[in-house]
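Below is a set of questions and answers on one protein model. Please look at the sequence and coordinates before reading on.

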Amino acid sequence: RKEFELPLAPVAAELQIFVYTRYQLFINGRYVARGPNRFENQRPEYDAFDITGHLRAGKNLIAVLVHRDEPSGRVRQHAPGMTLRLQATQPGGAVVSLTTDSSWQAFAEPTYGDQPRVWSSFSESRDARKLDGDWTSPSFESSNLPHAVKVDVSDLNQWPVPQARTIPLLRESEIERIFHTTGAVTDAHGVFTLNPGGQILLEAPRVVQAYYSLDIDAQAGVRIEVRPQFPDGKRGAPGIYITRAGTQRWISGDTWALKSLSIEVTGGPAKISNAHLVEVLYPFDRVGRFASSDPL
């Protein structure tokens, strides 16, 4: 987490970031991106984002949520850590640069429970009551957070020098979805009041690889369970979120293959709004189609 000042709103700004192993990037309280793309252990590649429209004159905030995969054999060998560089061009051509150093703040995010060993998509177990507020927001009281610790990069087997990305960034696309509800009341603004035992089902038009984002308003201690589902009736591992009092946003840390997503609550009602499914894929565009008499 890093707060910094800009004299003027930039005319151009690029943010470069490499994280071992996964990250979500927030700027001024808004979700921006996730990563990384796949990389080779001996040649890690940093992601680069145009964030011009996310910065403003005066105080700004960069916040990064990092998930470290457990090292395993030849596949995941790096020590945990993050490196980031921002270059913001001001009107008139002056460049303001920002890099990761010990002035950043870093801490173990307390709302996340223990993770089992994971290889692919990992389920979450979060208790939002363990943190007073949203640390990715500029309004969060951060004065007591500890400072980041510099990583020893002298061993190039642990931290090879990151290189510029050679393949395109992943593309995030919001998926059209159909809402099916049981035991839920919907108001004119599309806000679902979900009572214990009720369910919201977000159905996608096809099987997608996506993350979910939910805006939640509830009393403290309401348990929200989400599950990815497939057309054949199989269900994925659940994600669990225990609410703190008030409004909050849950963005899943990983993507899931799913045809639909179920949302259920226990322990009290909750209001659910802005329920999104966002597909994350390497970019491609359909440019045509063909038919063939050959069945293969």
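The questions below go through selected residues and a pocket.

The model is predicted, so local features need pLDDT of at least 70 and side-chain atom pairs pLDDT 80 or more, while totals for chains, interfaces and linings use all residues. Residues are numbered from 1 along each chain as its sequence is written, and side-chain values use heavy atoms, with hydrogens and water left out.

Q: Which side chain of opposite charge is nearest to Arg-34?
A: Arg-34 sits in strand β4, residues 30-35 (strands are DSSP runs of E of at least two residues, numbered from the N terminus). Arg-34 is buried (under 20% relative accessible area with a 1.4 Å probe, protein chains only; exposed is over 50%, partly exposed in between). Arg-34 has no salt bridge (a side-chain nitrogen of Lys or Arg within 4 Å of a carboxyl oxygen of Asp or Glu). With Lys and Arg counted as positive, Asp and Glu as negative, and His and chain ends not counted, the nearest opposite charge is 4.2 Å away, on Glu-172.

Q: Which backbone oxygen lies 2.9 Å from a polar atom of the Arg-34 side chain?
A: The contacts of Arg-34 beyond four places in sequence include Tyr-211, Ser-252 and Gly-253 (contact means heavy atoms within 4.5 Å). The backbone oxygen of Gly-253 lies 3.2 Å from a polar atom of the Arg-34 side chain. The oxygen at 2.9 Å belongs to Ser-252.

Q: Is Ser-97 buried or partly exposed?
A: Ser-97 is found in strand β8, residues 95-99. Because its relative accessibility is 48%, Ser-97 counts as partly exposed.

Q: How far apart in space are Leu-8 and Gln-90, C-alpha to C-alpha?
A: Leu-8 is found in the loop between β1 (2-6) and β2, and is partly exposed at 42% relative accessible area. Not counting residues up to four places away in sequence, Leu-8 touches Ala-57, Gln-90 and Pro-91. Leu-8 and Gln-90 are 82 residues apart in sequence, and their C-alpha to C-alpha distance is 6.3 Å.

Q: Which element gives the most to the lining of the largest pocket?
A: The largest pocket is lined by 47 residues, with Val-66, Pro-80, Gly-81, Met-82 and Thr-83 nearest its centre. Elements giving two or more residues to this lining are β2 (12-20), β3 (22-27), β6 (58-67) and β7 (81-89). With five residues, the element that gives the most is β7.

Terms used: Helices (H or I, at least four residues) and strands (E, at least two) are DSSP runs, numbered from the N terminus. A polar contact is a pair of N or O atoms within 3.5 Å; within protein, one must be able to donate a hydrogen and the other to accept it, and residues adjacent in sequence count only if both atoms are side-chain atoms. On a 1 Å grid over the protein atoms alone, a cavity is a set of points where a 1.4 Å probe fits but cannot get out, and a pocket is an open set with protein on both sides within 12 Å along at least five of seven lines; lining residues have an atom within 4 Å of a point.
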